[in-house]
Amino acid sequence: MSKPVAIVTGAGSGIGKAVGEHLHSKGYKVVIADLNAQTGSAAAAALGPSATFIQTDVSSYASNARLLKQAYEWGGNRLDFFHANAGVDDRQLLYAGADAEELDDEGLLKPLDTKTMAVNLEAVIQSLWLFKYYVRRSKEAGGGKGKFVATSSAAGLYYMTTNPQYTASKYGVVGLIRAAGPVFVKENITVNCICPGFIPTNLCPPQILDVWPKEHITPLSTALKAIDAFLGDDAMTGQAVELSQENIYFRGHVEWVNESQKWIGTESLHIWDEAYAKIPEKKGY
Ligand SMILES: NC(=O)c1ccc[n+]([C@@H]2O[C@H](COP(=O)([O-])OP(=O)(O)OC[C@H]3O[C@@H](n4cnc5c(N)ncnc54)[C@H](O)[C@@H]3O)[C@@H](O)[C@H]2O)c1
């Protein structure tokens, strides 16, 4: 029987690196995917021959698709675990002052740099799309059950005024896993996310790390507790797990405001399914 195969994006540093090491210690062959060739290749080399580095820009669909194809082939035609973890903070501030306003040749305001959305949200959706394709093709090599984890943030449950796009992208991840999780589990793929509090990593500028109070730090080991919970339960899906200090918290969605909204949310879905089945352009959707 071949070993299970995991991909972790943004695994050259911080949370991704810790998750890559953890999965390796649990017997996974691990693909370290990162934009940064230096840190990524070092992280893979430290794990030895049952790990490899694939340089990837998750915000490019082609690069992401190549990552999954190469990892699947390297792993002996199987993929079992994907952690969509790579993330960046806001590249341009929505509240930027007038000096950041530039016009193009037509006199139109140039768009805001939305790289954060591409890395933190769009790439997560495309990764799930790609992962499903390869899990379906992993049975012959001993796989066929998938675990998909995304890294959201506490900002995906609360908010962070200094990073409005980051907040939006991380809310998006929570919405994605809640909507898709209960559906994907029907074909043996669980879909969950972690919502970390403050973990000192390279994402945080040194100027912040220097002054941050120790009692408000979440250790990397808390992220691994959530990963273990996902690994240990093939029925656990659609969960947003908040990480704070030493603890993990399973966070439900907001309460139904009344019985009508509860009915729409929990009992009307078959009406949508039946209606979509009758609309030609929604076929296979
Ligand atoms: N550290 C925290 O306090 C905290 C809190 C909540 C959520 N998060 C989330 O955790 C995830 C991991 O961040 P971290 O704290 O470990 O930071 P980190 O900076 O240590 O690691 C992020 C890694 O992602 C890589 N990366 C960035 N853009 C990429 C791209 N386009 N393609 C591939 N790789 C790319 C970076 O090179 C880096 O190695 C992120 O999604 C972040 O938003 C972190």
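## Charges over rings

Let's start with an arginine: the charged end of Arg137 sits 3.7 Å from the centre of the Tyr133 ring, over that ring. Keep in mind as you look around that this is a predicted model. Tyr133 also belongs to an aromatic cluster, together with Tyr72 and Tyr134.

## A stacked pair

Counting ring pairs whose centres lie within 6.5 Å gives eight aromatic pairs. One to look at is Phe198 with Trp212: their ring centres are 3.8 Å apart and their planes meet at 10°, so this pair is stacked. Stacking here calls for planes under 30 degrees apart.

The two partners come from distant parts of the chain, 14 residues apart. Phe198 is in the loop between β6 (189–196) and α6 (206–209), while Trp212 is in the loop between α6 and α7 (220–231). As for accessibility, Phe198 counts as buried because its relative value is 16%, under the 20% limit. Trp212, at 33%, counts as partly exposed.

## An edge-to-face pair in a helix

Now turn to helix α9 (residues 269–277), which holds both Trp272 and Tyr276. They are four residues apart, about one turn of the helix. Their ring centres lie 6.0 Å apart with the planes at 65°, so the pair is edge-to-face; that label applies to planes over 60 degrees apart. Trp272 has a relative accessible area of 48%, and is therefore partly exposed.

Terms used
Residues numbered from 1 in each chain as written. Predicted model: local features only at pLDDT ≥ 70, side-chain atom pairs only at ≥ 80, totals over all residues. Heavy atoms only, no water. Helix = DSSP H or I, 4+ residues; strand = E, 2+ residues; numbered from the N terminus. Buried < 20%, exposed > 50% of the residue type's maximum accessible area, 1.4 Å probe, protein only. Lys NZ or Arg CZ within 6 Å of the ring centre and 35° of its normal.
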